[in-house]
Amino acid sequence: MTTPSAGTPVVSARDLVKTYQLGDFAVHALRGVSFDIMPGEFVAIMGPSGSGKSTLMNMIGALDTPTSGDLAINGVSIGTLDSDSLAELRNRTLGFVFQQFNLLARTTALDNVKLPLTYCRDPQKQAQANDRAAARLREVGLAERMDHVPSQLSGGQQQRVAIARALVNDPSLILADEPTGALDSETTVEIMNLFRRLTEQGMTVVLVTHEADVAGYARRLLRVRDGRLVEDRPIIGGAI
Amino acid sequence: MNVLEFLKTALVALRLNLMRSVLTTLGIIIGVGSVIVMSGIGSGASKQIEDQIASLGTNQLTIFPGAQNVGGRRGGFGSAPPMTEKDVRAIREGVQGVAAVAGNLQGNANLVAGNANWVSRVNGVTDEIEQVRDWPVAEGRFFTADDAAAGQKVAVIGSTVARELFGGADPLGSTIRMNNAPFTVIGVLETKGQAGGQDQDDIVMVPLSTARSRLVGRTNVPDIVGQILVKVEDGYNIDEVQADIEKVLRERRRVQPNAENNFMIRNFAEFLETRSAASRTLGLLLAATAAISLVVGGIGIMNIMLVSVTERTREIGLRMAIGARGGDIMGQFLTEAVLLCLVGGLIGLTLGVGVAFVLAAAFKWVVYISPWAALMAIGASAFVGVVFGFVPARRASQLNPIDALRYE
C-alpha cells in the first residue's frame, strides 16, 4: 500500500463504467464517470434511486470493481485487486457508516469499535486495540457509554459508535451511506456536525444522501443521474 | 483474526442463542453419551471376563483324558486311559519351560463341621498346585509333600467353604468330616472370586494320595491324577510348550502317528483370544452406532449453522465491509460449528460416564471407560464439527458483501 502524498487524490475515478447482466438485459449502472476527491474534502453524492448512486458508492467503498475505466483509492487501482486485497484495503483505508448503524447486538460499544482492529494484520495496532477504541469513543462524546450495548443506546449514540468504529483504524476516507436516514432531525444535526468537525480536522468524508438539507453540510456536491455525473460543484452556505 | 478471537466471537454467538445451541447439539450429546455408556458397559464386561480368565491363569495348561477309538467305535469323553503320576513325571522331566506340574483329582463331597454342612468340590492335589494356580493361602499353611506321603487327612479350604461351615469363627485346626472321614483344616485360601459363572472359592483341597483312598472311591488305576495342570515358565511360548507336552504324551500313551490324541490340552490363552475377538466385534458394532449417531448429530449442526448464516447475513456483510477476508468469515463459522460439537461431545461424555456409573451401581455391573474411548468420542465430535460446519462456513465466506449488507 502506498502512502498518499499531498497531491494524491483519496478517490480518483476515470471513465468509470459498470454494467450488470440481468438475464438478457444489460443494465448500465454507470456510463463513464470521472472525478477526483482530495484529502480533507467533504463530498455529498446525490441522485434519485436507480441513478447509479449506490453502484458508485460501492465502488468508492472497494466493495465492487468497475467493468471498465478505473477507480483508484490513494492511488491504488481497485480493478486489479483480488477479494482478500480489497478486504485489506477496506480495513486500512476506509471507514463505513451505515443508515442502520450495523452494530453487533449484545456487544459493548467498546467491542463494536474494536471490531475492525481484529481483522487488521498489524500486531501493534491489535495490541493497542482497547486504547484506540476508547480514544475514538471519547472523540465522539461517548466516554461514559463504552460498556453499553446497542440496545441501551439511543439512535444518535449508536450512530456515533458506528462513526468511532469507522475511525478506529485511521482511515483515509469515511464513507457514510444515508447516515441520518434512521435519525430524528435533532440528532441529524448532531451527527452532521460531527462529520463536519472531522473534515475540519482533515478527514475526507463522502456522504451519500437524497436529502438536500443533509447534503448541505458538505462542501461539494456530486449529482448522479442515469449513470452519469450531471453536476459537480462546491456547496456554498449550505444551499443546494 | 487469530484463534482466540475466533473462539471469543463463537462463544458470544452461541450464547446469544443458548437454547438453540443446546438443542442443536443434543444430537451430539445423545450420540456421544450413548456410545460412552455402551462401550463402558461392554468393555467393563469383557474386562471382567478377561480378569477372571487371568485369575485362572493365562500361562496355564490343563490336560485331561479325552475320547478314544476302540475298534472303530468312538468312546465318550474320558473314555481314554486316565492321567497318572507317570504322565506328571514325564511332563516334568521331558518338557522344557514347565514351571510346575500338579495332578488334580476332582470329586464332590458332603462337608460337615459341627452343625453346618455344605456340598463342595473336593480337589485332590499335589502340593505344587499352589504354584501352578498361583493361589497362596491367606491363613495357615498349604500341605507339603510329607503330608501327602504320610497320607495325612489335612485340608485347605476356600473362603466360601470357610464362611459356610464356620461363619466368622477361625477354621484353622477345626475338623471337617468329608464323606464321613475327618479332615483337619490347616489353611484357608485367598479369595479369588467368580470365574465363568463359578465360585472359585467354593473349593476344598486335600492331598492327592488321601483323596484317592478316602474320597474318590476305588479305581483300578492306583496312581490316577485326574487332570494335570501345568504352569508354563515365564519367557516360554505357551503354544510351543503345549506342542512339546503333546509330543511327550502321545509317545507315552502310545498314540499311533496318524491317530487323534486320546487326551485334551486346554489353553486359557486361547479362551482369551476368542474373548477379545468377540469384544472386537462388539467394538466394531459400537463404532458403527457411534458413527451413525454422530452423522445424525452432524446433520443437525449443519442445518442450524445454515440457518445461522442466513440470519446473520448482515453481520457477515458488515464484517466484510470493515475488512474481514473470506477466510476470516470461514474460520469464524467453522469455529462455531466445532465448538458446538466439542461442547456437545464433552457434555455427552460427562453424561455418559454418569449414567454408566449409575447403571453400574444399580445393577452391580462392572463398567470400564477407557481414556482412549473418551478421547475418541471428543475427537470424533470435533471432526463432525469440521465436516458439517464446512458447507455453511463456506457459504458465509462466499457471500457478496454488497448483497449481504442490503439483506433484510
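This is a predicted model: local features need pLDDT of at least 70, side-chain atom pairs count only at pLDDT 80 or more; totals for chains, interfaces and linings use all residues.
Residues are numbered from 1 along each chain as its sequence is written, chains are lettered from A and ligands numbered from 1 in the order in which they are written, and side-chain values use heavy atoms, with hydrogens and water left out.

Q: Which element gives the largest share of the lining of the largest pocket?
A: A pocket is an open set of points on a 1 Å grid over the protein atoms alone, with protein on both sides within 12 Å along at least five of seven lines, and lining residues have an atom within 4 Å of a point. The largest pocket has a volume of about 870 Å³, and among its 33 lining residues the closest to its centre are Leu104(A), Thr107(A), Thr9(B), Val12(B) and Arg319(B). Helices (H or I, at least four residues) and strands (E, at least two) are DSSP runs, numbered from the N terminus. The largest share of this lining, seven residues, comes from α1(B).

Q: What is the volume of the largest cavity?
A: A cavity is a set of grid points where a 1.4 Å probe fits but cannot get out, and a volume is the space filled by probe spheres set on the points, which are joined across faces, edges and corners. The count comes to three cavities of 30 Å³ or more. Residues lining the largest cavity include Ala13(B), Arg312(B) and Glu336(B), and its volume is about 120 Å³.

Q: Which residue has a side chain joined to that of Glu336(B) by a polar contact?
A: Contact means heavy atoms within 4.5 Å, and, not counting residues up to four places away in sequence, those that Glu336(B) touches include Ala10(B), Leu14(B) and Met305(B). A polar contact is a pair of N or O atoms within 3.5 Å; within protein, one must be able to donate a hydrogen and the other to accept it, and residues adjacent in sequence count only if both atoms are side-chain atoms. At 2.9 Å, the side-chain partner of Glu336(B) is Arg312(B).
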